[in-house]
Amino acid sequence: MSGESVNAAQMIGTVGGVGYLRPAPGTWGSLVALPMAWVLHMLGGFPLLALATVAVFVGGLWATRVMTEGQDDHDPSEIVIDEVAGQFIALWAISYPSWAHGIDITALWPGWVGGFILFRLFDITKPGPVGWADRRGDPMGVMLDDVIAGIFAAIGVMVLAGIAHGVLGL
């Protein structure tokens, strides 16, 4: 593989070097996804965030494949593009209703907090299918465990919103 391809893969896989921040590079990757998601949502609403999520997943799969080729470690900690994809999915739970109902997405700040915390919780603890995907030991597993953690987090945000707005009447 050419040096330019490896450099491009490192830029994508580490999200411009964010993956080299210590401690907890996965948390840094998730944090950097928040303003990225906000900008995408502000520019094109939920459709642009969803499209960007697909692009991040595909680009992340390629970058992970390039960065781990011939390596023993299938999921080095500096690869955080998977956290960006998963965090974007977690935020779909607030981006879609904001876009569909004309709500200012910053007014849904509890969903931002909940989406971040739940995503990190599911990504770190790796329950059920998240752990299954992680144990695949290949680039698809690297990306897929965070996608599943993001789906779990999005569901959690929706459940918490239902409790807050329905049960508690807030």
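**Helix packing and pockets in a predicted model**

Helices α3 and α6 are roughly parallel to each other, because their axes cross at roughly 20 degrees. Angles under 35 degrees count as roughly parallel, over 145 as roughly antiparallel, 65 to 115 as roughly perpendicular and the rest as oblique. Helices are DSSP runs of H or I with at least four residues, strands are E runs of at least two, and numbering starts at the N terminus.

This is a predicted model, in which local features need pLDDT of at least 70, side-chain atom pairs need pLDDT 80 or more, and totals for chains, interfaces and linings use all residues. Residues are numbered from 1 along each chain as its sequence is written, and side-chain values use heavy atoms, without hydrogens or water.

Back to α3 and α6. Their axes come within 7 Å; axes are lines fitted to C-alpha atoms, for helices over the stretch in contact, with angles from 0 to 180 degrees between N-to-C directions. Ala, Val, Leu, Ile, Met, Phe, Trp, Tyr, Cys and Pro count as nonpolar, Asp, Glu, Lys and Arg as charged, and the others, Gly among them, as polar.

Next, α4 against α6. Helix α4 covers residues 109–125 and α6 covers residues 139–167. Their axes come within 8 Å and cross at roughly 140 degrees, so α4 and α6 are oblique to each other. The crossing of α4 past α6 is right-handed. From α4, the contact takes in G111, G114, G115, L118, F119, F122 and D123. Their partners in α6 are D145, D146, A149, G150, F152, A153, G156, V157 and L160. The classes here are 8 nonpolar, 5 polar and 3 charged.

The pair α2 and α3 packs at an angle of about 160 degrees, with axes 5 Å apart. These two helices are therefore roughly antiparallel to each other, and α2 passes α3 in a left-handed crossing. The contact of α2 with α3 has 21 nonpolar, 11 polar and 1 charged residues.

Now the pockets. A pocket is an open set of points on a 1 Å grid over the protein atoms alone, where a 1.4 Å probe fits, with protein on both sides within 12 Å along at least five of seven lines; lining residues have an atom within 4 Å of a point.

The largest pocket holds about 390 Å³ of space. Its lining has 16 residues, and I94, G111, V157, A161 and H165 are the closest to its centre. Helices α3 (81–101), α4 and α6 are the elements that give two or more residues to that lining. Of these, α6 gives the most, with 7 residues. The lining of the largest pocket divides into 12 nonpolar, 4 polar and no charged residues.

What classes of residue line the second largest pocket? Its lining has 5 nonpolar, 2 polar and 9 charged residues. About 170 Å³ of space lies in this pocket. Among its 16 lining residues, G26, D75, E83, D123 and K126 lie nearest its centre. At least two residues each come from α2 (25–68), α3, α4 and α6, and α4 gives the most, with 3 residues.

Last, the backbone. Most residues other than glycine have a negative phi, and most peptide bonds are trans. V15 is not a glycine, yet has a positive phi of about 50 degrees. A cis peptide bond joins R22 and P23, with omega about -5 degrees. V15 sits in the loop between α1 and α2, and P23 lies in the loop between α1 (3–13) and α2.

Conventions: Left-handed = near helix turned anticlockwise from the far one by under 90°. Contact = heavy atoms within 4.5 Å. Points joined across faces, edges and corners; volume = space filled by probe spheres on them.
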